[in-house]
Amino acid sequence: MINGAPSAPGKGWGNMAEDIVAIRKKVMEFIDGPEGYLKIPYEGPDLNPRIFWHKIVLQSRLRFLWQTAVIFLCTILPSGEFKNRLLRLIGMNIGREAFIAPMVFFDIEFPRLVSIGEGAVVGTLTKILTHEVSIKSVRLGKTVIGKQALVGAGSVLRCGVTIGEGAVVAMNSFVNRDVPPFTVVGGSPLQEIKKLDKLL
């Protein structure tokens, strides 16, 4: 069974086309909807997580290649409005004057799940994720960096986390939970360091 839909575990992929179509529809509804997370469980001895995931992601090979090319280019580009416009073209919500350093690595599968607020700063070598694949499930999450938030270089943002307005994430942190507005956090595991009464 895949997310409650009828399927035939153990009988291969022949009976799963309808399930894949239903899951793709559910994913698109999630992207456009208000929920922050979507978990798609699956089971069956013939279900290979890699193949299952690719059948969901590759709704359009051309679009996937376009997204990959844009993200690769933006990885090496310096910060600036041209880079921000390119990222908006593939569905990212990039606010005015957002600063995205070179060598920021975006999850290529679902760029529409990334939102970076006005005036936010994302440091170099940061990784921003929008999905996770395990043996038993796929998990999607909307990853949000709030207005004028600062993400230090080398940090990793787990899919589905929200970094609040004016918050600060110290360098080399693993952000696996939401960060309240105007709060300094850091480390792995993530710890709260202090509250702010103004922007740093």
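Two strands pair if DSSP finds at least two bridges between them. Strands themselves (E, at least two residues) and helices (H or I, at least four) are DSSP runs, numbered from the N terminus.

What you see is a predicted model, in which local features need pLDDT of at least 70 and side-chain atom pairs count only at pLDDT 80 or more, while totals for chains, interfaces and linings use all residues. Residues are numbered from 1 along each chain as its sequence is written, and side-chain values use heavy atoms, with hydrogens and water left out.

How far can we trust it? pLDDT is the predictor's confidence in each residue, from 0 to 100. The protein chain has a mean pLDDT of 86, and 85% of its residues reach 70 or more. Residues 1–14 stay under 50. Where pLDDT is low, the predicted coordinates should not be read in detail. The model does have 36 contacts beyond four places in sequence for that stretch, where contact means heavy atoms within 4.5 Å.

Now the overview. The protein chain holds 4 helices and 17 strands. Of its 200 residues, 44% are buried. Buried means under 20% relative accessible area, exposed means over 50%, and partly exposed is in between, using a 1.4 Å probe and protein chains only. The accessible surface of the chain is about 10200 Å², and carbon and sulfur atoms supply 59% of that; the areas come from the Shrake-Rupley method with a 1.4 Å probe, and for residues only the protein chains shown count as cover. Among contacts with a separation of 6 or more, 41% are between residues 24 or more positions apart.

Let's look at a sheet. Strands of a sheet pair through backbone hydrogen bonds, either parallel or antiparallel. Here, 6 strands make an open sheet with mixed pairing, in the order 3-6-11-14-16-17. Strand 3 (99–100) and strand 17 (191–195) are at the edges with a single partner strand each, so one side of each has no neighbour in the sheet. What is the partner of strand 3, with 2 bridges in the parallel sense? That is strand 6, residues 121–122. Within this pair, Phe99 stands opposite Val121.

Next, find strand 9, residues 137–141. How many of its 5 residues are buried? The count is 5 of 5. Both faces are covered, with Ser137, Arg139 and Gly141 on one side and Val138 and Leu140 on the other. Strand 1 (residues 37–41) runs antiparallel to strand 9, joined by 5 bridges. Across that pairing, Pro41 stands opposite Ser137 and Lys39 stands opposite Arg139.

On to helix 4, residues 81–89. Which of its residues are buried? They are Lys83, Asn84, Leu86 and Leu87. These four cover an arc of only 160° around the axis, which puts them on the same side of helix 4; the arc is that of the directions from the helix axis to the C-beta atoms. The buried residues pack against helix 3 (61–76), strand 2 (93–94), strand 3 and strand 4 (105–106). On the face turned away from the buried side sit the exposed residues Phe82, Arg85 and Leu89. After helix 4 comes Gly91, whose phi is positive, near 100°.

Ser155 lies in the loop between strand 11 (150–151) and strand 12 (156–157), and counts as buried at 0% relative accessibility. A polar atom of the Ser155 side chain is 3.3 Å from the backbone nitrogen of Ser173. Beyond four places in sequence, the residues in contact with Ser155 include Leu125, Thr126, Val169 and Met171.

The other residue is Glu109, in the loop between strand 4 and strand 5 (114–116). Is Glu109 buried or exposed? With a relative accessible area of 18%, Glu109 is buried. Glu109 and Gln67 are 42 residues apart in sequence, and 7.9 Å apart in space from C-alpha to C-alpha.

How values were computed
Polar contact = N/O pair within 3.5 Å; in protein donor to acceptor, adjacent residues only side chain to side chain.
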